[in-house]
Amino acid sequence: MQRHLISAADLTRDDAVLILDTAEEMARVADRPIKKLPTLRGRTVVNLFFEDSTRTRISFEAAEKRLSADVINFTAKGSSVSKGESLKDTAQTLEAMGVDAVVIRHGASGAPYRLATSGWIDAAVINAGDGTHQHPTQALLDAFTMRRRLIGRDAGIGQDLAGKRVTLVGDVLHSRVARSNVDLLHTLGAEVTLVAPPTLVPVGVETWPCEVSYDLDSTLPKSDAVMMLRVQRERMNAAFFPTEREYSRRYGLDGERMARMPEHAIVMHPGPMVRGMEITAEVADSDRCTVVEQVANGVSIRMAVLYLLLGGNEPAVSHARTTEEK
(Lines give C-alpha, C1' and ligand atoms only; values in the text may rest on other atoms or scores of the structure.)
Protein backbone atom coordinates (compact mmCIF):
# COMPACT_ATOMS: atom_id res chain seq x y z
CA MET A 1 0.00 0.00 0.00
CA GLN A 2 1.05 3.58 -0.65
CA ARG A 3 1.29 6.25 2.05
CA HIS A 4 -1.83 8.21 1.00
CA LEU A 5 -5.19 7.44 -0.62
CA ILE A 6 -5.95 10.41 -2.88
CA SER A 7 -7.50 8.87 -5.99
CA ALA A 8 -9.01 5.53 -6.99
CA ALA A 9 -6.81 5.71 -10.12
CA ASP A 10 -3.71 5.35 -7.91
CA LEU A 11 -4.70 1.82 -6.86
CA THR A 12 -3.45 -1.26 -8.70
CA ARG A 13 -5.62 -4.36 -8.97
CA ASP A 14 -3.64 -6.02 -6.16
CA ASP A 15 -3.99 -2.94 -3.93
CA ALA A 16 -7.75 -2.84 -4.47
CA VAL A 17 -8.25 -6.59 -3.87
CA LEU A 18 -6.10 -6.37 -0.71
CA ILE A 19 -8.35 -3.58 0.63
CA LEU A 20 -11.52 -5.54 -0.25
CA ASP A 21 -10.18 -8.72 1.41
CA THR A 22 -9.08 -6.80 4.52
CA ALA A 23 -12.53 -5.19 4.67
CA GLU A 24 -14.06 -8.68 4.65
CA GLU A 25 -12.05 -9.46 7.79
CA MET A 26 -13.07 -6.14 9.35
CA ALA A 27 -16.75 -6.91 8.62
CA ARG A 28 -16.47 -9.99 10.85
CA VAL A 29 -15.55 -7.68 13.73
CA ALA A 30 -18.93 -5.97 13.32
CA ASP A 31 -20.62 -9.32 14.10
CA ARG A 32 -18.89 -9.58 17.49
CA PRO A 33 -20.52 -8.42 20.76
CA ILE A 34 -17.61 -5.99 21.28
CA LYS A 35 -16.88 -4.26 17.97
CA LYS A 36 -13.33 -3.13 18.81
CA LEU A 37 -9.79 -3.92 17.69
CA PRO A 38 -6.70 -2.52 19.47
CA THR A 39 -4.87 -2.00 16.16
CA LEU A 40 -4.55 1.81 16.12
CA ARG A 41 -4.28 2.38 19.86
CA GLY A 42 -2.17 5.50 20.48
CA ARG A 43 -2.62 6.82 16.90
CA THR A 44 -4.39 10.14 16.32
CA VAL A 45 -6.66 10.65 13.30
CA VAL A 46 -8.21 14.01 12.36
CA ASN A 47 -11.41 14.25 10.33
CA LEU A 48 -10.94 17.53 8.45
CA PHE A 49 -14.29 18.35 6.82
CA PHE A 50 -14.67 21.60 4.88
CA GLU A 51 -17.96 20.41 3.30
CA ASP A 52 -21.20 19.12 4.80
CA SER A 53 -21.35 15.36 5.28
CA THR A 54 -23.42 12.80 7.17
CA ARG A 55 -22.57 9.28 5.98
CA THR A 56 -18.90 9.76 5.20
CA ARG A 57 -17.96 11.63 8.38
CA ILE A 58 -19.87 9.31 10.71
CA SER A 59 -18.57 6.26 8.81
CA PHE A 60 -14.92 7.36 9.13
CA GLU A 61 -15.42 8.21 12.80
CA ALA A 62 -16.98 4.79 13.50
CA ALA A 63 -14.11 3.06 11.64
CA GLU A 64 -11.46 5.01 13.58
CA LYS A 65 -13.07 4.31 16.95
CA ARG A 66 -13.51 0.60 16.20
CA LEU A 67 -9.75 0.46 15.57
CA SER A 68 -9.17 2.24 18.93
CA ALA A 69 -7.65 5.39 17.39
CA ASP A 70 -7.86 8.77 19.09
CA VAL A 71 -10.27 10.84 16.96
CA ILE A 72 -10.38 14.62 16.48
CA ASN A 73 -13.32 16.02 14.51
CA PHE A 74 -12.80 19.31 12.66
CA THR A 75 -15.50 21.14 10.73
CA ALA A 76 -14.90 24.38 8.84
CA LYS A 77 -18.02 25.98 10.29
CA GLY A 78 -17.17 27.33 13.72
CA SER A 79 -13.40 27.02 13.15
CA SER A 80 -10.69 29.55 12.23
CA VAL A 81 -11.38 28.71 8.56
CA SER A 82 -14.51 30.86 8.81
CA LYS A 83 -12.15 33.69 9.90
CA GLY A 84 -10.04 33.30 6.77
CA GLU A 85 -7.43 30.72 7.84
CA SER A 86 -5.81 28.94 4.86
CA LEU A 87 -5.49 25.19 4.32
CA LYS A 88 -1.72 25.53 4.84
CA ASP A 89 -2.12 27.14 8.28
CA THR A 90 -4.73 24.57 9.30
CA ALA A 91 -2.38 21.75 8.21
CA GLN A 92 0.57 23.20 10.10
CA THR A 93 -1.57 23.53 13.22
CA LEU A 94 -2.44 19.81 12.97
CA GLU A 95 1.22 18.93 12.33
CA ALA A 96 2.19 20.75 15.53
CA MET A 97 -0.30 18.56 17.40
CA GLY A 98 1.36 15.40 16.05
CA VAL A 99 -1.48 13.73 14.13
CA ASP A 100 -0.85 10.41 12.33
CA ALA A 101 -3.55 10.61 9.64
CA VAL A 102 -5.84 13.24 8.13
CA VAL A 103 -9.18 12.39 6.53
CA ILE A 104 -10.07 15.42 4.39
CA ARG A 105 -13.19 16.47 2.51
CA HIS A 106 -12.92 19.74 0.61
CA GLY A 107 -14.96 21.65 -1.95
CA ALA A 108 -11.89 22.35 -4.10
CA SER A 109 -10.70 19.57 -6.41
CA GLY A 110 -7.06 18.78 -5.66
CA ALA A 111 -6.99 19.94 -2.01
CA PRO A 112 -6.11 16.45 -0.59
CA TYR A 113 -3.32 16.06 -3.19
CA ARG A 114 -1.94 19.47 -2.20
CA LEU A 115 -2.04 18.48 1.47
CA ALA A 116 -0.28 15.16 0.78
CA THR A 117 2.51 16.55 -1.42
CA SER A 118 3.15 20.03 0.00
CA GLY A 119 5.33 19.02 2.95
CA TRP A 120 3.04 20.99 5.30
CA ILE A 121 2.18 17.88 7.29
CA ASP A 122 3.86 14.53 7.91
CA ALA A 123 0.77 12.32 8.09
CA ALA A 124 -1.14 9.86 5.92
CA VAL A 125 -3.81 11.71 3.91
CA ILE A 126 -7.10 10.05 2.97
CA ASN A 127 -9.38 11.79 0.47
CA ALA A 128 -13.00 11.77 1.68
CA GLY A 129 -14.17 13.67 -1.41
CA ASP A 130 -12.72 16.73 -3.16
CA GLY A 131 -14.94 18.89 -5.34
CA THR A 132 -16.00 17.02 -8.48
CA HIS A 133 -12.71 15.10 -8.61
CA GLN A 134 -12.48 11.90 -6.53
CA HIS A 135 -14.03 9.95 -3.63
CA PRO A 136 -11.93 6.75 -3.47
CA THR A 137 -13.40 5.12 -0.33
CA GLN A 138 -16.90 5.43 -1.84
CA ALA A 139 -15.73 3.56 -4.95
CA LEU A 140 -14.11 0.89 -2.75
CA LEU A 141 -17.25 0.35 -0.69
CA ASP A 142 -19.33 0.18 -3.89
CA ALA A 143 -16.96 -2.46 -5.33
CA PHE A 144 -17.06 -4.34 -2.00
CA THR A 145 -20.89 -4.33 -2.05
CA MET A 146 -20.92 -5.56 -5.68
CA ARG A 147 -18.45 -8.35 -4.95
CA ARG A 148 -20.45 -9.55 -1.95
CA ARG A 149 -23.79 -9.47 -3.78
CA LEU A 150 -22.71 -10.73 -7.22
CA ILE A 151 -19.99 -13.25 -6.23
CA GLY A 152 -20.54 -14.00 -2.53
CA ARG A 153 -18.87 -13.18 0.80
CA ASP A 154 -16.55 -16.19 0.94
CA ALA A 155 -16.37 -16.93 -2.80
CA GLY A 156 -15.30 -13.34 -3.43
CA ILE A 157 -12.08 -13.48 -1.37
CA GLY A 158 -9.14 -12.75 -3.68
CA GLN A 159 -11.48 -12.06 -6.60
CA ASP A 160 -11.95 -8.94 -8.72
CA LEU A 161 -15.05 -7.92 -10.74
CA ALA A 162 -13.88 -9.20 -14.13
CA GLY A 163 -16.74 -9.43 -16.64
CA LYS A 164 -19.33 -7.69 -14.45
CA ARG A 165 -21.34 -4.99 -16.22
CA VAL A 166 -21.99 -1.85 -14.20
CA THR A 167 -24.15 1.10 -15.30
CA LEU A 168 -23.85 4.55 -13.68
CA VAL A 169 -26.86 6.77 -14.30
CA GLY A 170 -27.38 10.49 -13.73
CA ASP A 171 -25.31 13.59 -13.02
CA VAL A 172 -21.88 12.34 -14.14
CA LEU A 173 -20.63 15.88 -14.82
CA HIS A 174 -20.61 16.92 -11.16
CA SER A 175 -20.03 13.47 -9.64
CA ARG A 176 -16.76 12.55 -7.92
CA VAL A 177 -18.38 9.18 -7.16
CA ALA A 178 -18.76 8.48 -10.89
CA ARG A 179 -15.13 9.37 -11.64
CA SER A 180 -13.81 7.20 -8.79
CA ASN A 181 -16.05 4.27 -9.72
CA VAL A 182 -15.04 4.37 -13.39
CA ASP A 183 -11.34 4.27 -12.39
CA LEU A 184 -11.67 1.52 -9.77
CA LEU A 185 -14.14 -0.71 -11.62
CA HIS A 186 -11.95 -0.58 -14.74
CA THR A 187 -8.94 -1.60 -12.60
CA LEU A 188 -10.99 -4.51 -11.21
CA GLY A 189 -11.96 -5.69 -14.70
CA ALA A 190 -15.60 -4.58 -14.82
CA GLU A 191 -17.28 -3.12 -17.91
CA VAL A 192 -18.68 0.33 -17.10
CA THR A 193 -21.36 2.28 -18.98
CA LEU A 194 -22.32 5.86 -18.17
CA VAL A 195 -25.92 6.91 -18.89
CA ALA A 196 -26.80 10.59 -18.64
CA PRO A 197 -28.39 13.50 -20.51
CA PRO A 198 -25.86 14.97 -22.99
CA THR A 199 -25.66 18.15 -20.87
CA LEU A 200 -24.50 16.14 -17.82
CA VAL A 201 -21.71 14.22 -19.58
CA PRO A 202 -18.23 15.73 -18.99
CA VAL A 203 -16.04 17.06 -21.79
CA GLY A 204 -13.32 14.53 -22.61
CA VAL A 205 -15.35 11.51 -21.42
CA GLU A 206 -14.22 9.64 -24.57
CA THR A 207 -10.81 9.23 -22.89
CA TRP A 208 -12.34 7.49 -19.84
CA PRO A 209 -12.20 3.66 -19.73
CA CYS A 210 -15.97 3.25 -20.20
CA GLU A 211 -18.86 3.39 -22.65
CA VAL A 212 -21.36 6.27 -22.83
CA SER A 213 -25.08 5.94 -23.61
CA TYR A 214 -28.01 8.33 -23.54
CA ASP A 215 -30.67 5.59 -23.43
CA LEU A 216 -31.28 4.01 -20.01
CA ASP A 217 -33.84 1.47 -21.21
CA SER A 218 -31.42 -0.21 -23.65
CA THR A 219 -28.66 -0.67 -21.02
CA LEU A 220 -30.75 -2.03 -18.11
CA PRO A 221 -31.32 -5.60 -19.45
CA LYS A 222 -27.55 -6.23 -19.70
CA SER A 223 -26.47 -4.70 -16.34
CA ASP A 224 -25.33 -6.64 -13.25
CA ALA A 225 -25.41 -3.48 -11.13
CA VAL A 226 -27.11 -0.13 -11.73
CA MET A 227 -25.91 2.86 -9.70
CA MET A 228 -28.17 5.90 -9.58
CA LEU A 229 -26.40 9.23 -9.04
CA ARG A 230 -27.98 12.23 -7.33
CA VAL A 231 -28.53 15.41 -9.33
CA GLN A 232 -26.18 17.79 -7.51
CA ARG A 233 -28.09 21.06 -7.53
CA GLU A 234 -25.60 22.66 -5.11
CA ARG A 235 -22.84 22.41 -7.76
CA MET A 236 -24.98 23.60 -10.68
CA ASN A 237 -24.76 27.14 -12.04
CA ALA A 238 -26.98 26.65 -15.10
CA ALA A 239 -30.08 24.76 -16.28
CA PHE A 240 -28.89 21.32 -17.39
CA PHE A 241 -32.33 19.83 -18.12
CA PRO A 242 -35.82 21.36 -18.72
CA THR A 243 -37.77 20.03 -15.72
CA GLU A 244 -37.39 17.51 -12.90
CA ARG A 245 -40.36 15.58 -14.27
CA GLU A 246 -38.70 15.13 -17.67
CA TYR A 247 -35.40 14.09 -16.08
CA SER A 248 -37.20 11.54 -13.91
CA ARG A 249 -39.17 10.18 -16.87
CA ARG A 250 -36.05 9.60 -19.00
CA TYR A 251 -33.36 8.83 -16.41
CA GLY A 252 -35.18 7.88 -13.19
CA LEU A 253 -35.39 4.25 -12.00
CA ASP A 254 -38.91 3.04 -11.18
CA GLY A 255 -40.45 -0.38 -10.60
CA GLU A 256 -41.22 -0.91 -14.28
CA ARG A 257 -37.62 -0.24 -15.31
CA MET A 258 -36.24 -2.35 -12.46
CA ALA A 259 -38.32 -5.29 -13.75
CA ARG A 260 -36.32 -5.17 -17.02
CA MET A 261 -33.04 -5.78 -15.19
CA PRO A 262 -31.67 -9.34 -14.88
CA GLU A 263 -32.97 -11.21 -11.80
CA HIS A 264 -29.59 -11.16 -10.04
CA ALA A 265 -28.92 -7.46 -10.74
CA ILE A 266 -28.70 -4.95 -7.89
CA VAL A 267 -29.60 -1.25 -7.55
CA MET A 268 -27.08 1.02 -5.83
CA HIS A 269 -26.98 4.66 -4.71
CA PRO A 270 -24.14 6.53 -2.99
CA GLY A 271 -26.61 8.67 -1.02
CA PRO A 272 -28.23 10.91 -0.13
CA MET A 273 -31.16 9.80 -2.28
CA VAL A 274 -33.72 12.20 -3.75
CA ARG A 275 -36.77 9.94 -3.80
CA GLY A 276 -39.06 10.63 -6.74
CA MET A 277 -36.25 12.17 -8.79
CA GLU A 278 -33.57 9.63 -9.77
CA ILE A 279 -35.14 6.73 -7.84
CA THR A 280 -38.70 5.96 -6.71
CA ALA A 281 -39.60 4.91 -3.17
CA GLU A 282 -40.66 1.50 -4.51
CA VAL A 283 -37.15 0.81 -5.86
CA ALA A 284 -35.33 2.40 -2.91
CA ASP A 285 -37.19 0.16 -0.44
CA SER A 286 -36.90 -3.06 -2.48
CA ASP A 287 -34.68 -6.05 -1.60
CA ARG A 288 -32.55 -5.38 -4.68
CA CYS A 289 -31.51 -1.94 -3.42
CA THR A 290 -28.22 -2.02 -1.47
CA VAL A 291 -28.17 1.52 -0.02
CA VAL A 292 -28.20 0.43 3.65
CA GLU A 293 -25.65 -2.33 2.94
CA GLN A 294 -23.38 0.26 1.31
CA VAL A 295 -23.39 2.32 4.52
CA ALA A 296 -22.49 -0.73 6.65
CA ASN A 297 -19.81 -1.79 4.16
CA GLY A 298 -18.41 1.75 4.21
CA VAL A 299 -17.33 1.32 7.84
CA SER A 300 -15.54 -1.98 7.00
CA ILE A 301 -13.79 -0.45 3.96
CA ARG A 302 -12.64 2.61 5.91
CA MET A 303 -11.37 0.39 8.74
CA ALA A 304 -9.38 -1.57 6.13
CA VAL A 305 -7.91 1.59 4.54
CA LEU A 306 -6.90 3.08 7.91
CA TYR A 307 -5.41 -0.23 9.03
CA LEU A 308 -3.34 -0.68 5.85
CA LEU A 309 -2.17 2.95 5.60
CA LEU A 310 -1.14 3.18 9.26
CA GLY A 311 1.16 0.20 9.25
CA GLY A 312 -0.79 -3.05 9.01
CA ASN A 313 1.34 -5.63 7.18
CA GLU A 314 -0.21 -8.82 8.55
CA PRO A 315 -3.84 -9.99 8.36
CA ALA A 316 -5.95 -7.67 10.50
CA VAL A 317 -8.00 -10.15 12.51
CA SER A 318 -5.08 -12.48 13.29
CA HIS A 319 -3.13 -9.39 14.46
CA ALA A 320 -6.02 -8.49 16.73
CA ARG A 321 -6.17 -12.04 18.15
CA THR A 322 -2.45 -12.08 19.03
CA THR A 323 -2.77 -8.65 20.66
CA GLU A 324 -5.75 -9.81 22.71
CA GLU A 325 -3.90 -12.98 23.76
CA LYS A 326 -1.03 -10.88 25.14
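How many of the 19 residues of helix H11 are buried? The count is 15 of the 19, so H11 is largely enclosed by the rest of the structure. The model described here is predicted. Its largest nonpolar core has 84 residues, and nine of these come from H11, the largest share. A second, separate core has 19 residues. The structure holds zero disulfides.

**Nonpolar cores**

- Within the core of 84 residues, Leu-140, Met-146, Leu-184 and Ile-301 have the most contacts.
- Helix H11, which covers residues 291-309, gives this core its largest share, nine residues.
- The second core is separate, and its 19 residues include Phe-74, Val-99, Ala-111 and Ile-121.
- Leu-140 is in contact with Leu-5, Leu-11, Ile-19, Leu-20, Leu-184, Ile-301 and Val-305, leaving aside its neighbours within four places in sequence.
- As a general background, nonpolar side chains in soluble globular proteins tend to be buried together.

- At 1.5 Å a residue, H5 should span 21 Å, which agrees with the 21 Å between its end C-alpha atoms.
- After H5 comes Gly-152, with a positive phi near 125°.
- H11 is followed by Gly-311, which has a positive phi near 105°.

- Strand S8 covers residues 225-228, and Ala-225, Val-226, Met-227 and Met-228 are all buried.
- Ala-225 and Met-227 point one way from S8, while Val-226 and Met-228 point the other way.
- Strand S5 (residues 165-169) runs parallel to S8, and four bridges join the two.
- Opposite Met-227 of S8 stands Leu-168.
- S8 is also joined to strand S9 (residues 266-268) by three bridges, and these strands run parallel.
- Val-267 in S9 is the bridge partner of Val-226.

**Arg-257**

- Arg-257 sits in helix H9, which covers residues 255-258.
- Its relative accessibility is 8%, so Arg-257 counts as buried.
- A polar atom of the Arg-257 side chain lies 3.0 Å from the backbone oxygen of Arg-249.
- Neighbours within four places in sequence aside, Arg-257 is in contact with Leu-216, Asp-217, Leu-220, Ser-248, Arg-249, Arg-250, Tyr-251 and Gly-252.

**Cysteines**

- Cys-210 has a relative accessible area of 14% and is therefore buried.
- Cys-289 also counts as buried, at 10% relative accessibility.
- The number of disulfides in the structure is zero.

**Ala-108**

- Ala-108 lies in the loop between strand S3 (101-106) and helix H4 (111-117).
- With a relative accessible area of 34%, Ala-108 is partly exposed.
- Ala-108 touches Asp-130 and Gly-131, not counting residues up to four places away in sequence.
- Thr-132 is 24 residues from Ala-108 in sequence, and their C-alpha atoms are 8.0 Å apart in space.

Technical notes: Residues numbered from 1 in each chain as written. Predicted model: local features only at pLDDT ≥ 70, side-chain atom pairs only at ≥ 80, totals over all residues. Heavy atoms only, no water. Buried < 20%, exposed > 50% of the residue type's maximum accessible area, 1.4 Å probe, protein only. Polar contact = N/O pair within 3.5 Å; in protein donor to acceptor, adjacent residues only side chain to side chain. Contact = heavy atoms within 4.5 Å. Pairing = 2+ DSSP bridges. Expected span 1.5 Å × (residues − 1). Disulfide = S-S within 2.5 Å. Core = buried A, V, L, I, M, F, W, Y, C linked by side-chain atoms within 4.5 Å.
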